[in-house]
Amino acid sequence: MNVNQIAFIICADNEQYYNECVRYINELEVPEHFTTDIICIQEADSMVQGYRAGMQASDAKYKVYLRQDVFILNRNFIPDLLNIFEKDEKIGLIGMAGCSKLPENADCMECWDVGSMEIFDGRTLADDFKLRQPEKEYESVMAVQGTIMITQYDIGWQEVLEDVLDGWDFYDIALSLEMKKQGYLAVVPKQNMPWCYHIKLWNDMKEYTRLRFQMIQQYPDVFKSDENREEALKKFTEQSAQVCSIRNNMIRIMEKGMYQVMEELAEEIRLSWPGDMQVREIANMMEIYELEGASNICMNHSEWFRFHSWTQMYEFYNWIRFALLRIAFHKEDERIEELKKKVLMGRISKDAISKISSISLRNTTAIYEYLLDEKTDQPLVSVIIAVYNGEDTIGKTIESVLGQTYENTEIIIVDDASADRSREIISAYKDERIKTYFLDQNNNVCNAGNVGFHHAKGKYVALIGHDDLWDKEKLFKQVAFLEEHSAYSACFTWIDVIDENGKKNNQENMKLRYKLSADNFSQGLWIHRMMKTSNYMCAPSACIRKEMLERTGYYRYGLLQLQDFDLWLRLLTEGPVYFLQERLTYYRQFTKGGKNKNLSAVNPGQLNRTCHEERWVQYYFIETMQDIKFTQLFCKYMKNPKAEGKKEILCEKAFILWNFGNCFAVKLFIELLEDEEIRDILKTKYQFELNDFYNMNRKTMFFDPGYKDI
């Protein structure tokens with residue numbers, strides 16, 4: 001045994017990923033008297049088989065088993081590992097993420113709760129709040145995650161496991177359990193910054209489920225389940241076949257260059273995000289394609305769209321991501337300068353750089369500075385802060401706006417007759433960009449917001465609540481997007497939720513965070529989705545084109561819960577909106593134990609008001625929409641997409657409202673049915689007669705959520 005050697009054992013089937021993995025390994029600091037070796041295992045039938053072969057091929061005491069899609073970021077990775085092993089000879093296994101408890105049914109996909117790992121899943125980086133850091137230098141866990149595993153003893157890869165785990169899952173759980181059988185510990189180190197970056201290439205749920213049941217059989221003292229194996233396998237077999245079919249179809253369409261067909265298909269993919277990396281990446285590519293088509297400055301689509309081979313397209317696209325990662329992680333690389341030349345020559349668009357980096361990284365500042373930071377005129381942005389009794393937070397909010405790297409702003413602060421120290425705090429700021437309006441009577445947020453809109457002189461208007469905060473790059477990145485895409489009416493960002501103390505509080509507000517961190521869709525789909533479900537757009541993340549705002553009008557005074565929802569729908573009729581998929585807005589939600597000052601806080605009265613406002617907004621929005629605009633935006637959802645003429649369109653509007661569960665649909669139908677010509681249209685073109693309406697109107701349709709209790 002060579003006690004001074006570290007062997008890196010990689011199961012590989014993709015040369016591009018393998019070479020990238022090796023590039024990071026070759027940059028690691030190696031302690032004096034130590035050597036490293038890289039062993040590539042190809043054509044293995046399973047991960048256990050591959051890693052067992054790698055173990056037998058090396059006499060190194062320390063072995064690092066890692067996937068080809070893992071990049072080691074920590075240059076001191078080797079010294080840090082050796083230091084942990086030296087602390088306790090009972091430590092047999094180290095991983096970057098682990099679980100404190102294994103689930104009884106062996107479904108370990110979501111069990112990881114300790115450690116740190118940057119994981120890109122094709123849509124975005126996985127949430128980091130699900131993992132807690134060890135309090136000490138390392139923490140013992142039940143099992144470690146298999147993306148990267150380090151051992152100092154050659155145990156755990158028994159030949160018998162090759163038959164049990166003849167695939168690509170659960171090898172990590174098995175190794176952890178085998179180590180524990182021999183009396184060794186599995187631990188996870190404390191990482192101030194993640195030591196590794198992992199690109200999660202594929203998740204085959206059929207294979208995962210098959211191996212899960214085999215794990216239950218192999219380790220009955222650890223796992224048990226009363227699930228029906230055949231039913232579970234049947235479900236995921238059908239699902240896997242469907243995903244494979246979708247992937248193959250999308251690849252064929254891409255290779256034929258049928259991008260208009262692909263745009264619509266990719267939009268559907270972004271609604272569900274199947275767990276196949278290539279499917280997800282095609283959806284991302286098509287978002288870039290759409291942005292390039294709407295760009296004021298992009299002369300050609302990015303170079304990969306000119307290829308006729310999917311392999312070439314995907315390798316080129318990955319090449320861009322790999323180079324961007326190197327910039328972000330401050331690594332030297334000959335590809336970086338080549339990437340910059342391609343961007344300057346227009347062979348790769350700024351939209352491609354922005355999109356790929358925003359979903360692949362937590363911080364894109366280095367990318368913007370190196371590739372996207374062109375010195376251009378800065379149009380004025382009017383920032384509106386509506387304040388009411390915000391003494392605890394308004395100072396930090398103002399500082400957040402003043403601290404923007406985007407300099408050409410006017411900050412319009414409208415105090416809605418606060419009864420606390422808000423005015424005093426606001427008045428203490430003497431920055432010439434700040435303009436204050438102190439109202440004598442409290443009339444709530446719509447009035448205060450409209451005062452701000454009225455006085456705004458900027459080309460763009462950005463909103464922020466008196467208790468919310470911004471990343472310093474927020475306005476710069478939003479204005480850069482809007483300046484280059486003049487058809488877009490507004491630009492939003494993703495959010496992090498913070499509590500009353502300014503600390504991230506995402507886990508407790510997971511549903512809210514996910515909802516307000518949306519994907520990008522067409523105008524029609526966005527409108528339909530919001531009307532069918534709810535608002536997905538966070539007001540303090542908005543940057544609005546003032547010209548569009550003037551066309552749509554400001555907040556409606558009669559709305560209090562859904563004034564933003566109403567405004568976003570109107571803006572969507574003027575042009576698409578875009579989400580920058582970076583968490584640049586910090587949206588405050590007070591904890592249950594704190595002083596809950598949010599207007600959106602849930603109570604029965606507000607639920608009723610929200611319901612009333614939602615029904616009216618939907619009805620008025622549909623009923624008053626011009627016929628041409630209606631058919632453009634709702635064509636996909638109409639009973640008769642070829643409907644024409646005012647009366648046919650009125651019928652379509654009534655059906656659309658009914659599908660939204662809107663009680664005003666009854667009002668509209670009753671009014672329409674008084675018209676003999678419309679009754680005839682409904683009968684001949686929709687096979688819908690009076691009795692059909694009578695029967696339809698028997699169905700339950702809620703107005704107030706709690707009406708049964710009245």
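Author: A charge is said to sit over a ring if NZ of Lys or CZ of Arg is within 6 Å of the ring centre and within 35 degrees of the ring normal. In this predicted model, the charged end of Lys639 sits over the ring of Phe655, at 5.0 Å from the ring centre. A further case is Lys90, whose charged end sits over the ring of Tyr184, 5.9 Å from its centre.

The C-alpha atoms of Lys685 and Lys639 are 9.6 Å apart in space, while the two residues are 46 apart in sequence. Lys685 belongs to helix α26 and is partly exposed, with a relative accessible area of 44%. In the loop between α26 (676-686) and α27 (690-696) one finds Gln687. Gln687 is exposed, its relative accessible area being 59%. Its backbone deserves a remark: Gln687 has a positive phi of about 50° although it is not a glycine. Most residues other than glycine have a negative phi.

A pair of aromatic rings is described by the distance of the centres and the angle of the planes. A search of the whole structure finds 43 aromatic pairs. In one of them, Tyr51 and Tyr171, the ring centres lie 5.9 Å apart and the planes stand at 80°, so the pair is edge-to-face; planes over 60 degrees apart count as such. Tyr51 lies in helix α2 (residues 47-57) and Tyr171 in helix α5 (residues 171-181), so the pair ties together parts that are 120 residues apart in sequence. Both tyrosines, Tyr51 and Tyr171, are buried.

Trp304 and Phe305 provide another arrangement. Their ring centres are 5.0 Å apart and their planes are at 40°, so this pair is tilted. Trp304 is buried, with a relative accessible area of 0%, and Phe305 is buried as well, at 7%. These two residues also take part in a cluster: ring pairs link Tyr259, Tyr289, Trp304, Phe305, Phe307, Phe316, Tyr317 and Trp319.

The interior may be considered next. In soluble globular proteins, nonpolar side chains tend to be buried together. Here the largest nonpolar core has 115 residues, and those with the most contacts inside it are Phe77, Ile148 and Leu339. Helix α10 (residues 310-328) supplies the largest share of this core, namely 13 residues. A second, separate core of 70 residues includes Met548, Cys651, Phe660 and Val666.

Neighbours within four places in sequence left aside, Ile148 is in contact with Val64, Tyr65, Leu66, Val70, Ile72, Phe77, Ile94, Gly95, Met96, Met117 and Cys196.

Apart from neighbours within four places in sequence, Ala386 is in contact with Val414, Ala448, Ile464 and His466. Ala386 and Val445 are 59 residues apart in sequence, yet their C-alpha atoms are 6.7 Å apart in space. Helix α16 (residues 444-455) contains Asn444. Asn444 counts as partly exposed at 29% relative accessibility. Asn444 has a positive phi of about 75° although it is not a glycine.

These details belong to a protein chain whose secondary structure comes to 27 helices and 21 strands. Buried residues make up 56% of the 710 residues in the chain. Among contacts between residues at least 6 apart in sequence, 76% join residues at least 24 apart. With 710 residues, a compact globule would have a radius of gyration near 27 Å; the chain has 29 Å, which agrees. Along its principal axes the C-alpha trace spans about 90 × 65 × 60 Å. The accessible surface of the chain comes to about 31600 Å², and 47% of this surface belongs to carbon and sulfur atoms.

How values were computed. Residues numbered from 1 in each chain as written. Heavy atoms only, no water. Core = buried A, V, L, I, M, F, W, Y, C linked by side-chain atoms within 4.5 Å. Buried < 20%, exposed > 50% of the residue type's maximum accessible area, 1.4 Å probe, protein only. Helix = DSSP H or I, 4+ residues; strand = E, 2+ residues; numbered from the N terminus. Contact = heavy atoms within 4.5 Å. Phe/Tyr/Trp six-rings, centres within 6.5 Å; stacked < 30°, edge-to-face > 60°. Rg over C-alpha atoms; globule rule 2.2 N^0.38 Å. Areas by Shrake-Rupley, 256 points an atom, 1.4 Å probe, with all protein chains shown as cover.
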